[in-house]
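Here is a short briefing for a reader meeting this structure for the first time. Look it over, then read the points below.

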Amino acid sequence: MPRTTVLSDTAPTPGGPYSHAARSAEGGPLFLAGQVGADPATGQLVDGGAGPQTRQALANLEQVLAAAGRTLADVVKVNIYVASMADFAAVNEAYAAVFEQPYPARTTVAVAGLPLDARVEVECVAG
């Protein structure tokens, strides 16, 4: 089956040769590209560190989900990349303010660097 893609007018413009989201079959899982905490209007990271950047990254993902006719309630898997595990508590606090139980499956890993020198990047899969 051909790949179908999603681009949202209300999420930050992709910073490279990729789509905001893609799926291989109509009604199949939707794979969302990672979002950092960039303001869609400016393309710049929001101020305040990992907490505000996580909230903005999740808001960006919500915009992509909406463009695909989905919501955060459809998310089944989340991957979070942090520049430092010292930000884990701030990321969890922002995450818990957005997702409700039963929570999606989740992985959090520390990485050497992220686009725009972000503190956090979040990607997900929606069912």
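Strands S4 and S5 run parallel and are joined by six bridges. Within that pair, tyrosine 81 stands opposite valine 109 in S5. Keep in mind that this is a predicted model. The points below start with the sheet, then move to the helix, the pocket and the loops.

**The sheet**

- Six strands form an open sheet with mixed pairing, in the order S1-S2-S3-S6-S4-S5.
- Strands S1 (4–6) and S5 (105–110) stand at the edges, and each has a single partner strand, so one side of each is left without a neighbour in the sheet.
- On average, neighbouring strands of this sheet are turned by 15 degrees against each other, direction ignored.
- In general, the strands of a sheet pair through backbone hydrogen bonds, in either a parallel or an antiparallel way.

**Strand S6 and its partners**

- S4 (residues 75–82) and S6 (residues 120–126) run antiparallel, and seven bridges join them.
- Asparagine 79 has glutamate 123 in S6 as its bridge partner.
- Valine 75 has alanine 126 in S6 as its bridge partner.
- S3 also pairs with S6 in the antiparallel sense, over five bridges.
- Which residue of S6 does leucine 30 stand opposite? It is alanine 126.
- Is S6 largely enclosed or left open? Six of its seven residues are buried, so S6 is largely enclosed by the rest of the structure.

**Helix H1 across the sheet**

- Helix H1 (residues 50–67) lies across S1, S2 (21–23), S3 (30–36), S4 and S6.
- H1 runs at about 150 degrees to S3.
- Threonine 54 has its place in H1. Its relative accessibility is 0%, so it counts as buried, the cut-off being under 20%.
- Which residues does threonine 54 touch, leaving out those up to four places away in sequence? They are Val91, Ala94, Tyr95 and Val120.
- Leaving out residues up to four places away in sequence, asparagine 60 touches Ala11, Pro12, Gln35, Val36, Ala38 and Pro40.

**The largest pocket**

- The largest pocket holds about 260 Å³ of space.
- Its lining has 15 residues, and the closest to the pocket centre are Pro12, Thr13, Gly15, Tyr18 and Val36.
- Pro12 and Val36 are also among the residues that asparagine 60 touches.
- Which strand gives the largest share of the lining? It is S3, with three residues.
- By type, the lining divides into eight nonpolar, five polar and two charged residues.

**Loops and backbone details**

- As background, most residues other than glycine have a negative phi, and most peptide bonds are trans.
- Glutamine 101 and proline 102 are joined by a cis peptide bond, with omega at about -5 degrees.
- Proline 102 is found in the loop between helix H2 (88–96) and S5.
- Leucine 116 is not a glycine, yet it has a positive phi of about 60 degrees. Leucine 116 lies in the loop between S5 and S6.
- Aspartate 117 is not a glycine either, and its phi is positive at about 65 degrees. Aspartate 117 lies in the loop between S5 and S6.
- Is aspartate 117 buried or exposed? Its relative accessibility is 68%, so aspartate 117 counts as exposed, the cut-off being over 50%.

**A pair of residues apart in space**

- Alanine 25 lies in the loop between S2 and S3.
- Alanine 25 has a relative accessible area of 23%, so it is partly exposed.
- How many residues apart in sequence are alanine 25 and methionine 85? They are 60 residues apart in sequence.
- In space, alanine 25 and methionine 85 are 36 Å apart, C-alpha to C-alpha.

Conventions: Residues are numbered from 1 along each chain as its sequence is written. This is a predicted model: local features need pLDDT of at least 70, side-chain atom pairs count only at pLDDT 80 or more; totals for chains, interfaces and linings use all residues. Side-chain values use heavy atoms; hydrogens and water are left out. Two strands pair if DSSP finds at least two bridges between them. Helices (H or I, at least four residues) and strands (E, at least two) are DSSP runs, numbered from the N terminus. Axes are lines fitted to C-alpha atoms, for helices over the stretch in contact, and angles run from 0 to 180 degrees between N-to-C directions. Contact means heavy atoms within 4.5 Å. On a 1 Å grid over the protein atoms alone, a cavity is a set of points where a 1.4 Å probe fits but cannot get out, and a pocket is an open set with protein on both sides within 12 Å along at least five of seven lines; lining residues have an atom within 4 Å of a point. Grid points are joined across faces, edges and corners, and a volume is the space filled by probe spheres set on the points. Ala, Val, Leu, Ile, Met, Phe, Trp, Tyr, Cys and Pro count as nonpolar, Asp, Glu, Lys and Arg as charged, and the others, Gly among them, as polar. Buried means under 20% relative accessible area, exposed over 50%, partly exposed in between (1.4 Å probe, protein chains only).
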